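Reader: I would like to learn how to read helix packing and sheet order in a model. Please take one feature at a time.

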Amino acid sequence: MAEFEALSGIPAANISRDANLEADIGMDSIKLMGLVARLSRIAGTASLEASNIAKIVTVGDLLDAISLSSGSTAAPSATLESSPHTATAQVTHCADGRLPISIPYAGYLFLLGHHLIRSSSLCSWLRLEGPLDTGALQEAWQRVVDSQPGCRLIFERRGSSETFSDYQGVLLENPQVPQIAVTDLSALTPAEQDDALQQAFDAALNAEWSLESWPLHRFDVYRMGPNEHAVFLINEHCVSDGIGNQRLLAALMQAYSEVQHGDAATAPVISDGEFATLMSRFNDAADSLSEPMPISEEHGPYFWNPVGREIENFQPDFTVGVTVKSGAETDTLISAASNLGMSLNQLLVLAMARASHTTSGDDHVSVQMPTGGRTIDGIDAHDLVCCLAQNLPVDFSADLLSSSWELAGPLFAAKLARTLAAESDWHVTKAMATTIAGDIPLDPDALRGDLRPLFRGRLRSNIYVPYIGDTGIATTYSDLRVTAYRAGTVNGPATVDVLHEIFDGQLHGSWNYDRGFFTPDEIMRLRSAFEQELAEAVAAGSKHRVSREKTATTTELPPVLVEAVQAVLGPHVNSSDAHALIDRDLGLDSLQRIRILSKLPAVYRRDATRRAALLTAPTLAAMADLMCADDGVDTPDTGSDVPPTAGEEGASAAAYDYDELPIDRIIKQMAATPDAVAVTSANGQLTYAELDDKSHRIASYLIEAGCERGARIGILMDRGCAFIASVIGVLRAGLVYVPLDPSLPTDRLGYIADHAKLALVLCKPVHQNLLNGSAAGESGQPKVALVSEAFATSPAPKNTLPTAAPEDAMLVLYTSGSTGRPKGVQLNHAGYANRLAWHQKQFELKPGEGVLHKTTICFDVSVWEIFWPLMYGGILHTVGSEVARDPWALAQAMRDKKIAVLHFVPSMFGEFLSVLDADAPHAPFDHLRWVVLSGEAFPVAQARKWFELFGKRARLANLYGPTEARLM
């Protein structure tokens, strides 16, 4: 257990055999390799059989899979105490012109990849039309190498630990580039030339490199005719990632133009010393991350393998196929993403996850989403040739894989924004680098023996979906025209890596895959499913638009924001672009958004909530509002129940439309998921289609009864399906609902009916005489109608029903009246739109998850209990007072109905805890994620008791605040 403690940071005493390796102790594929490597250095440890790898889920599984010889007394290996990089220091040249360079954390994964599969190559090419001067191209290459220090890197082993920490980057001072190889294909037919280029490309992807030999990149030229050539860039991934390769190709062609025109070489992008300092600063910034490592989700490794094939060869053989969208098709995808509240990058990742689900039938999918890794804490290396790319594993459950694009798109966009804002990719990368550097042995036999199948078997996903935005490569250089572009990459065995980027306004998709494992037909099915998802996203985006423009008031952008945007997009962007959509109109992708954020003063990046809001803001004006809301002063999260309004921190989450009225959202949800269960009660349930029908009939009945728009309608019923349908029906008729709890004294019911001037009261037969026993007020008794009669009404055409306006009243709640007569609080649609969107942002209800409605219908908590699940595809489970007041029955209902979120008043929660504490053992609430508390002050002792009994799987939210103040 000491080795588990060393790698996980969790005390050995707290690690049990049934602890989940990933969810409980954060043991991902890299850390598991490190653990096995540590154990292998203990005398007597046997190897881990590849056949057992997929079965390993818990600590006990791993211990059972590893057989230790009896009597082994060897001491465990030393724990790595420091991060694997050279600390920032004054940088000077070595005497031999070789400058030591810290390896960025991201680089260790590619060093490991190099040793696991003997290489890790990238390849890009440009097809050129016009006379190509190869001598000028040779000189241009030398200029680029002189200008970009990253082009002069090699990697040498200098330590003696026999782990990857022995590696150090070395920057050569003045190396001279070798001769560019030129291959003449002009004698071949066009079809034969294409075949030859494909073979050359595949060979480049699978090329092997020596990390200690320079150069670790090269250019090759293929001549198809006197005025037609292809220029290949081939490199080892350790020196340049996809973004770096875009910069390298663009720099080569720009330098070629300079040589052709007789221009002097441009100044270096960065000096060697500055480059060395910058590489170290990236690691220093990662070391100083202020927020904790995000908690892993409980999903294990995901392996897209639709035919269930076994991996027989762990040395991959990659090939690539390319798809190119026209400019019009690309613009359509960008517009669809914008209308769905997403970026193009997010749309592509979600489409791939859904395609993986479609082609495999897997209910849970994970994909690896590479991120740029080029900006952190104000540091920006966007223009450099170097390797800083990171991998962020993203999990997708049924709600994102199966629900409509209208629902899944915004939900995923918000999830990903929060993940990136929390800098999860940096946390994950640093953790992997520390393990690789300190624990993975530099032993070729071990790496390509036991550890290679272990790494593959425990890798989070074998589907990679990188998107690196616009290539920045022009279509003309001097007298050359770029007619085609292609890029590709190699990855691990049994892997699919789909790279997307934009060249000449067209979205290019490079489908790279291990052809030694997958067949072309399998990849074609995945590609077809992916294209189908894109088509569905476009269709959804054409008829649905997330309202993201909101109420941004800023017209003049803050100078610091203008400077940051101009640094990324150029000087043409100014305050006149304040209300242009960032993604669709300004063309900013998610990587560029991160760059802009990195260039703002640190105060705007300090907390994850602020970062997430800025990363998803639809316009520069919205970003400005967020920046100016509190003059850059961080406001701690107090757990307040009051939702943010436009301009406040956290107000711009793309998944939630603060302007869409709850009733409008519910109407859309009823149409989107008609067969899903919407409401349950002790007497039955309603699907969304049935709820639509019954509420439609209620609305038609009320309009036919002469209830004028804005009239108040009392609903005198217990919690249940009829009550919920009545509430929705009243709002669909453009009316205001006033809940009347049948358990209230008749005098109080009569007072509310008179004071609210109710036009009509809907009730069940059992309650129809309750108002008769109360004294009639000045307005007399309201009309009483049976809900069964309303349900029997023929529904009017839906297009004749009125539409609510934000300022219209939605409901009237009457306070307790503890200081006299109850006071009616009238609340409008806009207030609840804001409140419920915030609620979803905070608690992230997934379609099909259960919310318990147990609060009295006259208490404000009941409003979010009712509307929130119906707005977002959840299941509203209603229970009567006999359950709500019985802790044992309530606990059973929570388990039986798989409740994810429920509310307690703290005093009732205390009684509930006391009963559970006495009834040991404590059965878990497997589906519960949140317990929301309000109505009274929440004692800290109750929180301690809850976590003592049930751990921290279900979180507690304290939302204490008065009805009169919370929903304005």
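Reader: In which hand does α5 pass α14?

Author: This is a predicted model. In it, the crossing of α5 past α14 is left-handed.

Reader: At what angle do helix α5 and helix α14 pack, and how far apart are their axes?

Author: The angle between α5 (residues 105–117) and α14 (residues 424–439) is about 55°, and the axes are 8 Å apart. An angle over 145 would count as roughly antiparallel, and one from 65 to 115 as roughly perpendicular; α5 is therefore oblique to α14.

Reader: Which residues make the contact?

Author: From α5 come Y105, A106, Y108, L109 and L112; from α14 come T429, K430, M432, A433, I436 and A437. Nine of the residues in this contact are nonpolar, one is polar and one is charged.

Reader: Now the sheet. How do strands of a sheet pair?

Author: They pair through backbone hydrogen bonds, in parallel or antiparallel fashion. Here six strands make an open sheet with mixed pairing, ordered β5-β6-β7-β2-β16-β15.

Reader: Which strands stand at the edges?

Author: β5 (181–184) and β15 (476–477) do. Each has a single partner strand, so one side of each lacks a neighbour in the sheet.

Reader: How many bridges join β2 to β16?

Author: Eight, between residues 121–129 of β2 and residues 480–489 of β16, and the two strands run antiparallel. Within this pair, C123 is opposite G488 of β16.

Reader: Which strands does helix α7 lie across?

Author: Helix α7 (residues 190–205) lies across β2, β6, β7 and β16, at about 150° to β2. Helix α6 (residues 134–147) lies across β5, β6 and β7, at about 160° to β6.

Conventions:
Residues numbered from 1 in each chain as written. Predicted model: local features only at pLDDT ≥ 70, side-chain atom pairs only at ≥ 80, totals over all residues. Heavy atoms only, no water. Axes fitted to C-alpha atoms, helices over the stretch in contact; angles between N-to-C directions. Helix = DSSP H or I, 4+ residues; strand = E, 2+ residues; numbered from the N terminus. Parallel < 35°, antiparallel > 145°, perpendicular 65-115°, else oblique. Left-handed = near helix turned anticlockwise from the far one by under 90°. Contact = heavy atoms within 4.5 Å. Nonpolar A, V, L, I, M, F, W, Y, C, P; charged D, E, K, R; others polar. Pairing = 2+ DSSP bridges.
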